[in-house]
Amino acid sequence: NALSRLANLHRHFHITKSSTKGGSENENGNVGTIKISPDVSTALSTGKAVVALESTIISHGMPYPQNLETAKEVEAIVRENGAVPATIAILDGIPCIGLSPEEMERLAKLEKTARKISRRDIAHVVATRSSGGTTVSATMIFASMVGISIFVTGGIGGVHKHGESTMDISSDLTELGRTSITVVSAGVKSILDIPRYLENILETQGVSVVSYQTDDFPAFYTEKSGCKAPCQLDTPEDCARMIEVNRKLDLKTGILIGIPIPKEHSVSGNIIESAIQTALREASDKGISGSAETPYLLSRVNELTGGASLESNIALVKNNAVLGAQIAVALAQIQD
Ligand code: PSU
Ligand code: MN
């Protein structure tokens, strides 16, 4: 599976295996170069478990230096659980699948120059040789291109509050409807309209939504959203079986697995809810909308909760990484 995709990619792109110290400059000036790190490339061609990781969480989701520390720790957790991490980002116009420590550090320090890259932004960022973090939608695209089936993130985008009038719906949702990748997340933040998200958008897009070891879809900072997920799975092996069926039947749609934040790290519902309400009001007063809205809300909620929300965010990403790696390992065994 991964091998035939790679072979197909070689026909369309110039794929470079980066050396560990190699920079990311595009030596032949080609647009259409994708760089795969040596360990990811080896893992893909030998059928080892690989877990893709997004990078908007590094470039826009957390402040420096917590962003860099968390990214490194998440990669280490994936490794400890038997899989190879592939953090995906675009540097100098080159989509990179797997980052070297230097590349990771560069991304974490881009700050204001970093682009936030969703599907619609990819062509412009590559053509202008810019750099930035890939959101869930763009990360899914690149993971799928190289044959990675599992992808771990913290929270995914959704339908923003008042989405019925603003029509601000994250491209993460439509991407799940058109790209066959499994995304492990802690659910959707209550900065988003959760019922609209689950019952309208994802159902319409044909996305399989699974809650892990619970029947309630998780709400990122808190364990429950009050909305039931359409199905529940309880082990990594069960998740792997569902992913394999989705692939064999060639359904071409994504799977979203929601795993609740560990109880000891969840933020009290009231504290988070009032911080979210304040941040939403401020965003609206300041006219912050579009792709700037999610990063603004995340950083304001962090300030308003005295850092508690960032701590929760870090804890849940790590928890998601454990499950993602376990599923990837189980999947590699089935596909053996
Ligand atoms: N939620 C978080 N942290 C994040 C994001 C969401 O808790 O960093 C990022 C993810 O990369 C997600 C993106 O794909 O925000 C969604 O942005 P938007 O709502 O603009 O589509
Ligand atoms: Mn949006």
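I began with helix α12, residues 269-286, and noted that its 18 residues reach 26 Å from the first C-alpha to the last, close to the 26 Å expected at 1.5 Å a residue. I keep in mind throughout that this is a predicted model.

Next I looked up which residues of α12 are buried, and I found Ile272, Ala275, Ile276, Ala279 and Ala283. Viewed down the helix axis, these buried residues fall within an arc of 100°, so I record them as lining one face of α12. I then turned to the other side of the helix, where Asn270, Arg281 and Asp285 are exposed.

What do the buried residues of α12 pack against? I traced them to α13 and to α14, the latter spanning residues 308-334. I also checked what follows α12, and there I found Gly287, whose phi is positive, near 70°.

I moved on to ligand 1, which has 19 residues around it, and I wrote down Thr56, Gly61, Val136, Gly157 and Ser170 as those that come nearest. Sorting the shell by class, I got four nonpolar, 13 polar and two charged residues.

Which helices each supply at least two residues of the shell around ligand 1? I listed α3 (56-61), α9 (171-178) and α13 (293-304). The largest share, four residues, comes from α3.

Note on methods:
Residues are numbered from 1 along each chain as its sequence is written. Chains are lettered from A and ligands numbered from 1 in the order in which they are written. This is a predicted model: local features need pLDDT of at least 70, side-chain atom pairs count only at pLDDT 80 or more; totals for chains, interfaces and linings use all residues. A residue is near a molecule or strand if its C-beta atom, placed from the backbone, lies within 6 Å of it. Ala, Val, Leu, Ile, Met, Phe, Trp, Tyr, Cys and Pro count as nonpolar, Asp, Glu, Lys and Arg as charged, and the others, Gly among them, as polar. The expected span of a helix is 1.5 Å times one less than its number of residues. A residue is buried if 20 or more other C-beta atoms lie within 10 Å of its own, exposed if 12 or fewer, and partly exposed in between; C-beta atoms are placed from the backbone. The arc is that of the directions from the helix axis to the C-beta atoms. Two residues are in contact if their C-beta atoms, placed from the backbone, lie within 7 Å.
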